[in-house]
Structure formats: structure tokens, C-alpha cells
Amino acid sequence: MAAVKACNILITGANRGLGLETVKQLSEDSCPKRHIFATCRDPEGPEALRELVKKHPGVITIIRLDADDPSSIKESAKKVGSLLGNSGLNLLVNNAGIVARGTIQTSSAENMKNTFSTNVIGPLLIIKEYLPYLQTAAKASGTPGMSCNKAAVINISTVGGSISTMPSLFSQFPVLPYCVSKAGFNMLTVLAAEELKADEILCLALHPGWVKTELGGEKAPLEPKESVEGMLRVIGSLTEQQHGGFMDYTGKTIPW
């Protein structure tokens, strides 16, 4: 079961795949006073997410947030802020992302712009808009150091964004726009960690493994349940020692 004790949690891309599984596992955890803000582009669309809300009334709120739309990010932050009150946001999970296939010869400008917009600019604006609530939670905790139960940003990244690892995998996974955007996402994580250090807000990039989702495909060896169980174990164990790092769902450090 999840070792995460954070009370107020926001997860982007919560309508399917890893985002949905994360909401599911966190809502089943018997943590008192927990509230999960499950965000997605179309709150009316995802039936599986709405079923979870029915199953756990008062624990999950679905919020519209499109990582590709700056005005929707702003609106979502206002809405969540009005529901949080004085306690702030303990954990922000930037999970929303898109994949585009391509090589140097086949990648289009449009694919590069779309992946960069959703996978880099979106998370940047989300961190920016939700930062005041993370700062509130960090101050309210009254405890020194860093943890995901106090205030944290977890960026769901990929080994595809690892400059040292990806070249040997490129022929198997020709997804250049995705990899380039995720390398940018990793740099965003490192620089956000530098900026958030003074507020004692933990920041980390987390690779979920190769998972059977719409993004990962059917050949992937990992089920979402196993990946999320591992990620939540890692998230729950983080301290300032791992701040600004890049790890996978087993807790192993990944080279940049």
C-alpha cells in the first residue's frame, strides 16, 4: 500500500493510465483528511475516474486542467485554491504528457511544438500557478527538511529523457519529439529544485518504468498497478537527500 501520508494531492492527466491508477491507489489508502484533486482535459469524459469519485465520496474532486492551455491551468489553480483553504497543497504530481513518434528525418515542426508545449511548458506553468499553495503547505508543516508529506513536486518523466541512456534505445523507440521534450522536462525539474530549495519544497523526476498504458503500448512488461505501487513507495520515502534527483519506480537513480 502507498506510504504517502500527504493530505492534499493534485495529479495531472488523472483520467487514464498511470494518473488514474495513482488516484485509485491513493484513494484506497486509509489516510485521514486526504483530498485528491484529479485533473484532466475533459472532466465529463473519463468514466473510470467518475466511478472512483462515486466509490470514494468526499475524497476526490475532478478539476479541468489542460496542460496545453495556459488559461485552463490558471483557472484550475483558482478553483483548487478556493477548495484548499489554509492548509495548502502537499503534493503536486505532474503526470500529464503526450508521445509523438519520429526521427530527424520524419519529425515535423508541429510535433515538436505540441510535445514541448504539453510536456515542458505545461508543467512549468502548473508549478508556477500552484507554487503559492505548495509554499503555504511547507510553512504550515512546522517541520524542518523536505518530504512529500510536507510539500513536493514530482515530475513523472522517462528514461527517454536521459541523454546518456536514450541513444542505445533510440532504434527500438524512435520517438525523437517525445525524448527531446522529456530531456527539457528533466532540466525543468533540476532548475525548479534549485529555485524551490529555499522554501523546502522537494522536487524530483520519476521514471515509472515501461508500462502497459496507451503511451507505453501492449509490449510493455509492467502493469500500471505495479509501477504505481513502486512509485508511491519511492515518493513516500523521499527526503532532502533526493531533492533534484532522477529516480525510477524501484528507487534506483537514473543518469541524466
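Which residues of the largest nonpolar core touch the most other members? The legends below refer to a predicted model.

**View 1. The largest nonpolar core has 35 residues.** Val23, Leu91, Ile154 and Leu206 touch the most other members. At least two residues of this core come from each of strands E1 (8-11), E2 (35-40), E4 (91-94), E5 (152-156) and E6 (202-207), and from each of helices H1 (17-28), H2 (47-55) and H6 (224-237). H6 gives the largest share, 5 residues.

**View 2. Surroundings of Ile154.** Leaving out residues up to four places away in sequence, Ile154 touches Leu91, Leu92, Val93, Asn94, Cys148, Leu202, Leu204, Leu206, Ile235 and Leu238. A second core, separate and made up of 26 residues, has Ile73, Leu125, Ile127 and Cys203 among its members.

**View 3. A salt bridge joins Glu129 and Lys74.** The N to O distance is 3.2 Å. Glu129 belongs to helix H4 (residues 109-141) and Lys74 to helix H3 (residues 70-84), so the pair ties together parts 55 residues apart in sequence. Glu129 is partly exposed at 21% relative accessible area, and Lys74 is partly exposed at 46%.

**View 4. Lys225 pairs with Glu229 in a salt bridge.** The closest N and O atoms lie 2.6 Å apart. Both residues are in helix H6, 4 residues apart, about one turn of the helix.

**View 5. Salt bridges link Lys24, Glu28 and Lys55 in a network.** The whole structure has 11 salt bridges.

Notes: Residues are numbered from 1 along each chain as its sequence is written. This is a predicted model: local features need pLDDT of at least 70, side-chain atom pairs count only at pLDDT 80 or more; totals for chains, interfaces and linings use all residues. Side-chain values use heavy atoms; hydrogens and water are left out. A nonpolar core is a set of buried Ala, Val, Leu, Ile, Met, Phe, Trp, Tyr and Cys residues joined through side-chain atoms within 4.5 Å. Buried means under 20% relative accessible area, exposed over 50%, partly exposed in between (1.4 Å probe, protein chains only). Contact means heavy atoms within 4.5 Å. A salt bridge is a side-chain nitrogen of Lys or Arg within 4 Å of a carboxyl oxygen of Asp or Glu.
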